[in-house]
Amino acid sequence: MTTPPPAGLHEPILRWYDDHARELPWRSRSAGAWSVMVSEFMLQQTPVARVLPVHEQWLDRWPTPGALAAEPSGEAIRAWGRLGYPRRALRLHAAATAIVAEHDGEVPDSYDDLIALPGVGDYTAAAIAVFAYGRRHAVLDTNVRRVLARVVSGQEFANTSVTRPERSLAEGLLPSDAPTAATWSVALMELGALVCTAAAPRCGDCPVSDRCAWRAAGHPAYDGPPRRGQAWAGTDRQCRGRLLAVVRESEGPVHRSRLDTVWPEQDQRTRCLDSLVTDGLLARVSPTTYALP
């Protein structure tokens, strides 16, 4: 049985958001849907502080989906810089290309059209529809899921993947008015980012601490399936990042000998180079040289 949500959540959280919302470029009244879309791709697993300068540079260079689609995908990878998870750059380029081909260069406003774009999943489609167009959808990012898990379900963290009861709970909490529902979604997200954080929640600053099931239960520790760690040193992900950085920062093709100097383990280096080519992040120009696609 799903626990019924505590009463009176909307007003205090919306009021808190009015007073504490950060001023971010993709939230400004002048921001278009493309700005929102770019931010949603960049913010996946990347902090706001790192995204801000790259988002600004990206919009300066490519103010529309058509401007991005007109350039090779390799330029998107180059401009992505050190944000990490560079396949997001390829996906954003592919989505921009589809927007030009299928939507006259305008970011679509419906969830169904958005999720049909390459590289756009449930969360991203809902987020763009809600934050760019004020639609009424549940937006279930990590922050929102953590807030709802604590306040309503009494759990420190949500399950590793979204469950049907969790989605039903989020949808049931949406205000009936679409614009208010959109604000509610971003308010929950902001509360999780600034107050109900993963490592050190500031319960004394929470506008609904008196209604929080997790706090009332004495902050029980998470006892669900193991949560994924963020190992980095020595991993294939680190190796791939080092190799890609050399090519990204070069004006032309890079000889294999230069790549050999940035990662000592030969078998891992070869495996990661092959995977970068397979993923479309690098192109093998010759048996011994590599370039951006």
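Q: Which way does α2 pass α6, in a right-handed or left-handed crossing?
A: In this predicted model, α2 passes α6 in a right-handed crossing. A crossing is right-handed if the near helix is turned clockwise from the far one by less than a right angle, and left-handed if anticlockwise. Helices here are DSSP runs (H or I, at least four residues), numbered from the N terminus.

Q: What angle do α2 and α6 pack at?
A: About 155°, with the axes of α2 and α6 10 Å apart. Axes are lines fitted to C-alpha atoms over the stretch in contact, and angles run from 0 to 180 degrees between N-to-C directions. α2 and α6 are therefore roughly antiparallel to each other. Angles under 35 degrees count as roughly parallel, over 145 as roughly antiparallel, 65 to 115 as roughly perpendicular and the rest as oblique.

Q: Which residues make that contact?
A: From α2, Trp-34, Met-37, Val-38, Phe-41 and Met-42; from α6, Arg-88, Arg-91, Leu-92, Ala-95, Ala-96 and Ile-99. Contact means heavy atoms within 4.5 Å.

Q: And by class, how many are charged?
A: Two are charged, nine are nonpolar and none is polar. Ala, Val, Leu, Ile, Met, Phe, Trp, Tyr, Cys and Pro count as nonpolar, Asp, Glu, Lys and Arg as charged, and the others, Gly among them, as polar.

Q: How do α8 and α11 pack?
A: Helix α8 (residues 122-133) and helix α11 (residues 178-194) pack at about 120°, with axes 9 Å apart. That makes α8 oblique to α11. The crossing of α8 past α11 is left-handed. Tyr-123, Val-130 and Phe-131 of α8 meet Ala-182, Ser-185, Val-186 and Met-189 of α11.

Q: New topic: which residues of α3 are buried?
A: Val-51, Val-54, His-55, Trp-58 and Leu-59. Buried means under 20% relative accessible area, exposed over 50%, partly exposed in between (1.4 Å probe, protein chains only).

Q: What do they pack against?
A: The buried residues of α3 pack against α2 (33-42), α4 (65-69), α5 (73-80) and α6 (87-103).

Q: Why does Leu-244 count as buried?
A: Because its relative accessibility is 2%. Leu-244 sits in helix α13 (residues 236-248).

Q: What does Leu-244 touch?
A: Leaving out residues up to four places away in sequence, Leu-244 touches Ile-77, Pro-86, Leu-276, Leu-281, Leu-282 and Leu-292. The C-alpha atoms of Leu-244 and Leu-276 are separated by 8.0 Å, and the two are 32 residues apart along the chain.

Q: What are the ground rules?
A: Local features need pLDDT of at least 70, side-chain atom pairs count only at pLDDT 80 or more, and totals for chains, interfaces and linings use all residues. Residues are numbered from 1 along each chain as its sequence is written, and side-chain values use heavy atoms, with hydrogens and water left out.

Conventions: Helix = DSSP H or I, 4+ residues; strand = E, 2+ residues; numbered from the N terminus.
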